[in-house]
Amino acid sequence: MKIDSYMYEMVLSELTDAVGAEYVTINAADRLGHSIDYYWIPEMWHDRGAVPTPPDLIVQPASAEEVAKVLKIANQYHIPVTPWGGGSGSQGGALPVYGGILLDTKRMNKVLEIDTVTLSVTCETGIIAQHLEWAVEKAGYSTMHFPASIGCATIGGFLAHRGTGVLSTKYGKIEDMVMSLEVVTPTGEIIRTLPVPRHASGPDLTMMFLGSEGTLGVITKVTLKIHPIPEARKFHAFLFEDMHSAMMAGAELMHSRMQPCAVRLYDEPETERLIKRVLGIDRKGAYLVFGFDGPEKVVDLQMERACEICRAAKAKEDLGTESGEAWWNNRYKFFYPPYMFHMPQAFGTLDTVATFSNIEKVYWAMKNTVNANFPEAKFIGHFSHWYDWGCMLYARFIFEDFPRDPHEAAALYNRVWDLAIRAAIANGGVINEHHGVGLKLGRLMKELYGPAMDVLEKLKKELDPNNIMNPGKMGFKGF
């Protein structure tokens, strides 16, 4: 949209009328701040002195009704709209790559109801996750959704890309916590999905919108399950000779159906690098940590049995409760300076998920692909989120030195993703587990879904006939 034009002034006037002059921003600093998320390429682009693509306007609606007004204006003038939560995403999903309207949701931040009979909370989706957790804890409960980005990401962001928290092994991913949604469709209708998450009343519209990353509408309210705060939560850690033996022990923990609240397994390079730096445990091998929560007597019995499983799997060393508690108490340090990677390093999180039959094949296929094609890169990984059928691989590649030219850097960076993710797909993995697709991985959606991608594209076209909602993301066509 040409900013210095009559049409721009008309659109600005209509948006101001819809949400109030105070909540339509056009200043350069805010527009720049909303043109970079935690995706490496726009950070690199800015670091190298290149100019990222900013939105033309930033609009901050306070309700679903105001969101609907904005989307109707955008449809009238065929203006792209990019929803924005906390801006902490790593996939470029919130980047306004075609300019237009950036829809900042953070004014929609109210806790509307805590239902202590059903054990649920209803809130607006612009609320920061930590703020929601604090509100629920004051009532004596917890969301049990504790991702590393809890202090800066919105609930809407987690819904948009089906995010996962540290305790997902017992309490589920965000989609397992959702009971119902309020959504503004791309053409400006406000709809609500059914009030319960389990029913035989036709297809589940709630699941259709979860993970859609703002391409099928704007989620404005959600009702989530909440949980009693457990009497006890305890952790224990073991060191194994290698990743395979630790994986077999971890899989047996899940097969036991004892419902650990968390399981994490670090491969040998990450044990040597990060476990040593963050926890001070200087060992060679694979570090496995797990925890249980609930009534203390039950937790103690579960922990006793879990330790028996690890000893039977010939753990190299019992690191004890102290090491397990140290991991829990320092669980977020792994994702922040000085332990997290940052410029001038080039890095990416190649997260995927597969069944227990395939997950090690996926790990080795990705590792061998990165090592063979990019010998200057390091490959490390851990397995963060476990299910009764498999687990998630949180792999990373790290380059200590990378091209200075932004175009050359972007091409090389994308090449790493192309080869590594294709290796995952070929061995039973998917392109992502909980960070989403966004701009970064959209080009691989057709390879993952095959002919089924046509179904998603038809759904997108029907709901969003003018293609205004977050175009160019998730493999959908650009604007």
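Analyst: Let us begin with one pair of residues. Glu182 has Arg192, in strand E9, as its bridge partner. This model is a predicted one. Strand E8, residues 178–184, and E9 pair in the antiparallel sense over 3 bridges.

User: What holds strands of a sheet together in general, and in what order do the strands of this open sheet lie?

Analyst: Strands of a sheet pair through backbone hydrogen bonds, in a parallel or an antiparallel manner. Here the open sheet has 5 strands in the order E5-E6-E10-E8-E9, with antiparallel pairing. Strand E5 (111–115) and strand E9 (190–192) each have a single partner strand, so one side of each is left without a neighbour in the sheet. On average, neighbouring strands of this sheet are turned by 10° against each other, direction ignored.

User: Which helices pack on the sheet, and which strands do they touch?

Analyst: Helix H4 (residues 64–77) touches E8, E9 and strand E10 (218–225), and its direction makes about 45° with that of E8. Helix H5 (residues 129–138) also packs on the sheet, touching E5, strand E6 (120–124) and E10. The direction of H5 makes about 40° with that of E5.

User: How many residues of strand E14 are buried, and which strands pair with E14?

Analyst: A residue counts as buried when its relative accessible area is under 20%. In E14 (residues 286–294), 9 of the 9 residues are buried, so the strand is largely enclosed by the rest of the structure. Ala286, Leu288, Phe290, Phe292 and Gly294 cover one side, while Tyr287, Val289, Gly291 and Asp293 are buried on the other. Strand E12 (residues 232–240) pairs with E14 in the antiparallel sense over 9 bridges, and 5 bridges join the antiparallel strand E13 (residues 262–266) to E14. Leu288 of E14 is the bridge partner of Phe238, and Leu265 stands opposite Leu288.

User: How many residues does the largest nonpolar core have, and which have the most contacts inside it?

Analyst: The largest nonpolar core has 122 residues, and those with the most contacts inside it are Trp40, Tyr287, Phe290, Trp327, Leu350 and Phe383. Helix H15 (residues 406–426) gives the most to this core, with 9 residues. Apart from it lies another core of 25 residues, including Val24, Leu57, Val59 and Leu103.

User: Are Thr349 and Asn330 buried or exposed, and which residues do they touch?

Analyst: The cut-off of under 20% applies again. Thr349, in strand E16, has 13% relative accessibility and therefore counts as buried. Leaving aside residues up to four places away in sequence, Thr349 touches Tyr394, Ala395, Arg396, Trp417 and His435. Thr349 and Met179 are 170 residues apart in sequence and 30 Å apart in space, C-alpha to C-alpha. Asn330 lies in the loop between helix H13 (320–329) and strand E16 (346–355).

User: What is the volume of the second largest pocket, and which residues lie nearest its centre?

Analyst: The volume of the second largest pocket is about 710 Å³. Its lining has 33 residues, of which Arg162, Leu210, Gly211, Asn432 and Tyr449 lie nearest the centre. Helix H8 (174–177), helix H9 (205–209), E16, helix H16 (445–449) and helix H17 (453–463) each supply at least two lining residues. H16 gives the most to this lining, with 3 residues.

Technical notes: Residues are numbered from 1 along each chain as its sequence is written. This is a predicted model: local features need pLDDT of at least 70, side-chain atom pairs count only at pLDDT 80 or more; totals for chains, interfaces and linings use all residues. Side-chain values use heavy atoms; hydrogens and water are left out. A nonpolar core is a set of buried Ala, Val, Leu, Ile, Met, Phe, Trp, Tyr and Cys residues joined through side-chain atoms within 4.5 Å. Buried means under 20% relative accessible area, exposed over 50%, partly exposed in between (1.4 Å probe, protein chains only). Helices (H or I, at least four residues) and strands (E, at least two) are DSSP runs, numbered from the N terminus. Two strands pair if DSSP finds at least two bridges between them. Axes are lines fitted to C-alpha atoms, for helices over the stretch in contact, and angles run from 0 to 180 degrees between N-to-C directions. Contact means heavy atoms within 4.5 Å. On a 1 Å grid over the protein atoms alone, a cavity is a set of points where a 1.4 Å probe fits but cannot get out, and a pocket is an open set with protein on both sides within 12 Å along at least five of seven lines; lining residues have an atom within 4 Å of a point. Grid points are joined across faces, edges and corners, and a volume is the space filled by probe spheres set on the points.
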